[in-house]
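Keep the model open as you read.

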Amino acid sequence: MKKSIELLKCTCRNRIRQILISTSIFIIFITLGYIINGFKSTNIKLLINGITCIISFALIMALIYGYFTQYKDYRIAMQLGFSRKTLWWSKFIELTILTALITIIGIINLHVGYRGILILTSMIVCMNFSITITFFALSSFLVLFPRWLGKTVMMTILSFIIYFITYETINITYQYPKLVHFIQKVLSLNMYFSFYAVCIIWITLMLIISYRFMNLIQIRRN
């Protein structure tokens, strides 16, 4: 864990500049919008919303750069003598922290009552983390292809596969209504348990896939 955190510091330091540039451009646009709309310095609520927007944008950009800089992070890890396992753990920690921060800000912006927050928080965390880890697995797969043409072809193939699965699922719902009704009945017995179980299974599957792809990355010979 200590090595993973050390590597995380090195890889994050490598992309802070890009995040700062993107956030600075976003701040300029936000400021121009306030000026055009006649922003008043006494409007504290509007100012707080603007700051929250900027923080959210910076975190999202950090998350996106975390996906698209996997190969650079891999090269840094190899140059510094870290293993692929350590790199995977560092990426996992990075994405977990960013997802947690984005989720916290999102929940704060919901303006839901205390009871509502307690009910929604766990479900939002599971859903956000499922999405984050899914993109982690996808980016770990795409980084195996050195050129954008290969990445585009694989994304197209994956899109067709998803379309085919969706199409077949819809067909099954029409052809086997009793089976669908049975599944709905089982899921409705404990909706929360079903939701968490599906999320845990999906997250575990994506983590295994991302770890497998991370071990297949090789240094490219230019």
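Glutamate 94 and lysine 91 are both buried (under 20% relative accessible area with a 1.4 Å probe, protein chains only; exposed is over 50%, and partly exposed lies in between). Their side chains meet in a salt bridge, 3.5 Å from N to O. A salt bridge here is a side-chain nitrogen of Lys or Arg within 4 Å of a carboxyl oxygen of Asp or Glu. Salt bridges with shared partners join Arg15, Asp73, Lys91 and Glu94 into one network.

A word on the basis. This is a predicted model, in which local features need pLDDT of at least 70 and side-chain atom pairs count only at pLDDT 80 or more, while totals for chains, interfaces and linings use all residues. Residues are numbered from 1 along each chain as its sequence is written, and side-chain values use heavy atoms, with hydrogens and water left out.

Glutamate 94 and lysine 91 both sit in helix 4, three residues apart, about one turn of the helix. Helices are DSSP runs of H or I with at least four residues, strands are runs of E with at least two, and both are numbered from the N terminus. Glutamate 94 also forms a salt bridge with arginine 15, with the closest N and O atoms 2.5 Å apart. That pair links distant parts of the chain: glutamate 94 belongs to helix 4, arginine 15 to helix 1, 79 residues apart. Both of these residues are buried.

Aspartate 73 and lysine 91 make another salt bridge, 2.9 Å from N to O. Here helix 3 supplies aspartate 73 and helix 4 supplies lysine 91, 18 residues apart. Aspartate 73 counts as buried because its relative accessibility is 0%. Lysine 91 counts as buried at 1%. Helix 3 spans residues 70–79, and its buried residues are Gln70, Tyr71, Asp73, Tyr74, Ile76 and Ala77. Glycine 81 follows helix 3, with a positive phi near 85 degrees.

Now the aromatics. The whole structure holds ten aromatic pairs. Rings of Phe, Tyr and Trp (its six-membered ring) pair if their centres lie within 6.5 Å; planes under 30 degrees apart are stacked, over 60 edge-to-face, and the rest tilted. Phenylalanine 26 and phenylalanine 57 are stacked, 4.2 Å centre to centre with 5 degrees between the planes. Phenylalanine 26 lies in helix 1 (residues 2–36) and phenylalanine 57 in helix 2 (residues 44–68), so the pair ties together parts 31 residues apart in sequence. Phenylalanine 26 is partly exposed at 21% relative accessible area, and phenylalanine 57 is partly exposed at 22%.

Tryptophan 88 and phenylalanine 92 are stacked too, 5.6 Å centre to centre and 5 degrees between planes. They are four residues apart in helix 4 (residues 84–109), about one helical turn. One aromatic cluster takes in Trp88, Trp89, Phe92, Phe129, Phe136 and Tyr211.

Phe136 returns in the largest nonpolar core, where Ile133 and Phe136 touch the most other members among 26 residues. Such a core is a set of buried Ala, Val, Leu, Ile, Met, Phe, Trp, Tyr and Cys residues joined through side-chain atoms within 4.5 Å. Helix 4 gives the most to this core, with six residues.

An unreviewed UniProt entry places "transmembrane region" features at residues 20–40, 46–68, 88–111, 117–145, 152–173 and 193–214. Over residues 193–214 the chain is 100% helix and 0% strand, with end C-alpha atoms 31 Å apart.

Notes
UniProt positions are given in the numbering used here, feature names are shortened, and annotations may be inferred rather than shown by experiment.
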